[in-house]
Amino acid sequence: MKKIFGTILLGLMGSMSVFAQDNTTETPTAKKNIRKPSQDHIMIQLSHDRWAGAPDSVKTGGLGRGVSVYLCYDFPIKKSNFSFGAGVGITSNNIYFKNQRMVLNGRTGSPVFTETDKTIFKGQKLNTTYLEAPLELRYFANKNNRNTGFKFAIGAKVGFNGIGGAHFKEKESIEGKFVTYKTNTKRYMQTWRLTPTVRIGYGNFSVFAQYTVTPLFNTGAGPEDIRPMSFGICISGL
């Protein structure tokens, strides 16, 4: 069977070679090495997440981290090295607290931040998940093969948390074993957010930074000056 498969494969390769030679002879003006450019259809971002403008009463700590996955389409601007990218995707961000819990199911109109004993509670974090639409003005130094060469993009993301919402998670020690508790709610959070972004890189890899200009919490439902921000690496291509 292997010999038969090898014979067929060699035959197909020989036929393709003859066809290529005939095609070159008949169309001498045809362009060589034509390659359809990558259009950064897929973007995967790994981020370090932080809160800007958090008051002293809110004690964040640990390594906040997030992940975003986007499916985009690229619209070249005529024959220039510039293009406009638009897409849709999901982003998940995690903020950790230092010996502090965030009470989201209380009867007050805003979340309550309370101190905790680190021997009893650990792993306190707030997760927010958004459906996002990234919009970018892109520049590619090598417009014929965007998997190589310098690239730069600036734009913004419009996020909606009506689907994913937010939840607070922590682990509490009960009889020597840590039990995980999770509180789901989005009543304190802004439904929409606007996040300007910038990224710069080479080939399929780039670094990015973003800052949300809209507040995290609704008016009167939490610290009003908190603005999520992230920076990290982006893998793009296809």
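These notes cover the aromatic contacts in this predicted model.

1. Ring pairs overall. Searching the whole structure gives eight aromatic pairs.

2. Trp 51 and Phe 97. This pair is edge-to-face, with 5.8 Å from centre to centre and 75° between the planes. Trp 51 belongs to strand S1 (residues 42-52), while Phe 97 sits in the loop between strand S3 (82-96) and strand S4 (100-103); the contact therefore ties together parts 46 residues apart in sequence. Trp 51 is buried, at 12% relative accessibility. Phe 97 is also buried, at 6%.

3. Tyr 139 and Phe 150. Here the ring centres are 6.3 Å apart and the planes meet at 55°, so the pair is classed as tilted. Tyr 139 is in strand S6 (residues 121-140) and Phe 150 in strand S7 (residues 150-174), and the pair links these distant parts of the chain, 11 residues apart. Tyr 139 has a relative accessibility of 27% and counts as partly exposed. Phe 150 is likewise partly exposed, with a relative accessible area of 36%.

4. Cluster. Trp 51 and Phe 97 also belong to a cluster linked by ring pairs, together with Phe 113, Phe 168 and Phe 217.

5. Charges over rings. Lys 122 lies over the face of Phe 178, 4.2 Å from the ring centre. Arg 193 is placed over the face of Tyr 130, at 3.9 Å from the ring centre.

Definitions and conventions
Residues are numbered from 1 along each chain as its sequence is written. This is a predicted model: local features need pLDDT of at least 70, side-chain atom pairs count only at pLDDT 80 or more; totals for chains, interfaces and linings use all residues. Side-chain values use heavy atoms; hydrogens and water are left out. Rings of Phe, Tyr and Trp (its six-membered ring) pair if their centres lie within 6.5 Å; planes under 30 degrees apart count as stacked, over 60 as edge-to-face and the rest as tilted. Helices (H or I, at least four residues) and strands (E, at least two) are DSSP runs, numbered from the N terminus. Buried means under 20% relative accessible area, exposed over 50%, partly exposed in between (1.4 Å probe, protein chains only). A charge sits over a ring if NZ of Lys or CZ of Arg is within 6 Å of the ring centre and within 35 degrees of the ring normal.
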